[in-house]
Protein chains: 2
Amino acid sequence: MEWQTIVSAHERIRPRIHRTPALTSKSLDAMAGAELFFKCENLQKTGSFKIRGASNAILSLGTAEATRGVVTLSSGNHGAAVACAAGWRQIPAWIVMPKNVPVVKCRAVESYGGKITFCEPTITARAEAAARLQAETGAVLIHPYDDDRIIAGQATAAKELMEDVPELDAVLAPVSGGGLLSGTCQGAKGLRQEVRVFGCEPERADDAYRSLKTGELQKLDSSDTIADGLRASLAPRTFAILRKHVDGILLVSEDEIKATMRLIWERMKIVIEPSSAVALAPLLRTGGVASLELPKPEGKPARLGVILSGGNVELG
Amino acid sequence: MEWQTIVSAHERIRPRIHRTPALTSKSLDAMAGAELFFKCENLQKTGSFKIRGASNAILSLGTAEATRGVVTLSSGNHGAAVACAAGWRQIPAWIVMPKNVPVVKCRAVESYGGKITFCEPTITARAEAAARLQAETGAVLIHPYDDDRIIAGQATAAKELMEDVPELDAVLAPVSGGGLLSGTCQGAKGLRQEVRVFGCEPERADDAYRSLKTGELQKLDSSDTIADGLRASLAPRTFAILRKHVDGILLVSEDEIKATMRLIWERMKIVIEPSSAVALAPLLRTGGVASLELPKPEGKPARLGVILSGGNVELG
């Protein structure tokens, strides 16, 4: 992807989105043994980074194309983002969601005026439902990650982080379908060639890890990880980008996800969803930062960006 | 208080504290019918604004005075802040806390190296315990609010908010002992004379409301409000400042506090403690913003600052 594509995406969406803060926490720094900078996309409009890609895609549509509306399949955050961005253009948005999605995510979609169609919680069932809706309405499909406009939009989170925090050694982001991670690679390395980018993934949804290890795209038919935003698998497009640009995929257990989520709530006073915790968890293990093998002079703490992807979690 | 006192306090503490963001939320704007700017002191070091006053007071101490250490009485956030700021100066800190304080607040004090002494949850018992400790150790008392250095420190939150958000019509802050509210009056009006400042107080701890209404300092011996940071009562010093500068005190019910706290967690994706919710709650009532009687041209939404004072709440 040309750097200019990301710059243009940023210009397009900037008036609509929040420039989210990069928060720090001395107590989490001490636990990780590094300087951490948290890009707080949980504080983004719609409660996740997904509005970046969705608004870039939807604001890019020609008038004739846009008029028929948009359709998407989403475990929640992308659906809410598409509904929100469609609302900004005053065009209809049909959202296909798996029926086991948290209630809070449905309410969000509806509050933005999106029309929900429920389906079985499998990749196949979701794709079929979306295709049917497309055929019926003539709406444009806004895929959650298999789309360059989406990836360019997601790249703007890392671009902002790199602009706001100088000299980062590495950036960590969760990986599911790979839109955010592909964008993070390109947004971060476009501004600082030597920065490392790592994807973080639940052990229970480890398709990106297996795909990169085997060199062949691996599928995940379904997953029950608590990180409900990370149950999708890579597309050929995102797999190709990650093979070229990502420096590694780190797996985390369900227990690590839960403990890290709680820790962030408690120490940083922000609400994050389980998927966000996945990007910090690998750094909290003994030897976690060392395992990144960053080319850092001894005794100098690593400077690490962590993308907290969203905050849409059902409150107890 | 001279404006220069606040400027000097800000210069003194600025290298140590976070410049917390002023977050916005379109959905809360829509509910209030105003443009809201939330000063997020829950994201401040130690999880509350209290570090501003405590660090200003403690960093102001002469070397000989500082060496004997500091002592304070606190329902929690001020205690943690004193322990933290004392740690920065590497001097001992003795903290008197009521025995019914949430566990999370004790852990915070201990994590900063503070030494806790528990007492009965009454103003009298706390003052006695603090006096005893002072006599025993020779430590300097850092009162939570009856101290100009504390008030000047707390004023820097409103100063930052006014610097970051132009043309605010009013600022709302919770009131307990009156340190934050006194500082908010002076920090806000020092930068923009015409801004209105309102204190917000639980109905169940309504001493500031009664004091200002009657013109005589009213005491509160104890309170069971869920807003555990707001159970103190005004001192003569803060009462005098508020009589001169505050534009009104707004009371809120326990149910309003709980509902508003949940709403902020859900919509803004930040963790706030009940005391913080008190400053937004009055704006969410029917006619809430109108009741402030701001001199605003019709049809132009009011621009309101809301100080979210802290985020130290025990997670379920």
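**Figure 1. Helix α12 of chain B in the predicted model.** The helix comprises residues 254-268 of chain B, 15 residues in total. From its first C-alpha to its last, α12(B) reaches 21 Å, close to the 21 Å expected at 1.5 Å a residue. The residue that follows α12(B) is K269(B), whose phi is positive, near 60°.

**Figure 2. Buried residues of α12(B) and their surroundings.** The buried residues in this helix are I257(B), T260(B), M261(B), I264(B), W265(B) and M268(B). They lie on the same side of α12(B), because the arc they cover around the axis is only 135°. In an α-helix, residues three or four places apart point the same way, because there are 3.6 residues a turn.

**Figure 3. Contact between chain A and chain B.** On the chain A side, 14 residues are in contact with 14 residues of chain B. Helix α12 of chain A (residues 254-268) gives the most to the side that touches chain B, with three residues. By class, the residues on this side of chain A are seven nonpolar, four polar and three charged. The copies meet through the same surface, since 100% of the interface residues of chain A are also interface residues in chain B.

**Figure 4. Symmetry relation of the two chains.** I270(A) is the residue of chain A that comes closest to the rotation axis, its C-alpha being at 2.0 Å.

**Figure 5. Domain 1 and domain 2 of chain A.** The domain assignment places residues 3-48 and 151-308 of chain A in domain 1, and residues 51-141 in domain 2. The C-alpha centres of these domains of chain A lie 24 Å apart. Between them, 22 residues of domain 1 are in contact with 19 residues of domain 2. On the side of domain 1 of chain A that touches domain 2, the elements giving two or more residues are α1 (3-13) and α8 (148-164) of chain A. Helix α8(A) gives the most to this side, with six residues. The side of domain 1 of chain A that touches domain 2 has six nonpolar, 10 polar and six charged residues.

Note on methods: Residues numbered from 1 in each chain as written. Chains lettered and ligands numbered in written order. Predicted model: local features only at pLDDT ≥ 70, side-chain atom pairs only at ≥ 80, totals over all residues. Helix = DSSP H or I, 4+ residues; strand = E, 2+ residues; numbered from the N terminus. Expected span 1.5 Å × (residues − 1). Buried ≥ 20, exposed ≤ 12 C-beta atoms within 10 Å, placed from the backbone. Arc of directions from axis to C-beta. Contact = placed C-beta atoms within 7 Å. Nonpolar A, V, L, I, M, F, W, Y, C, P; charged D, E, K, R; others polar. Domains from an automatic or database assignment. Least-squares fit on C-alpha atoms with pLDDT ≥ 70 in both.
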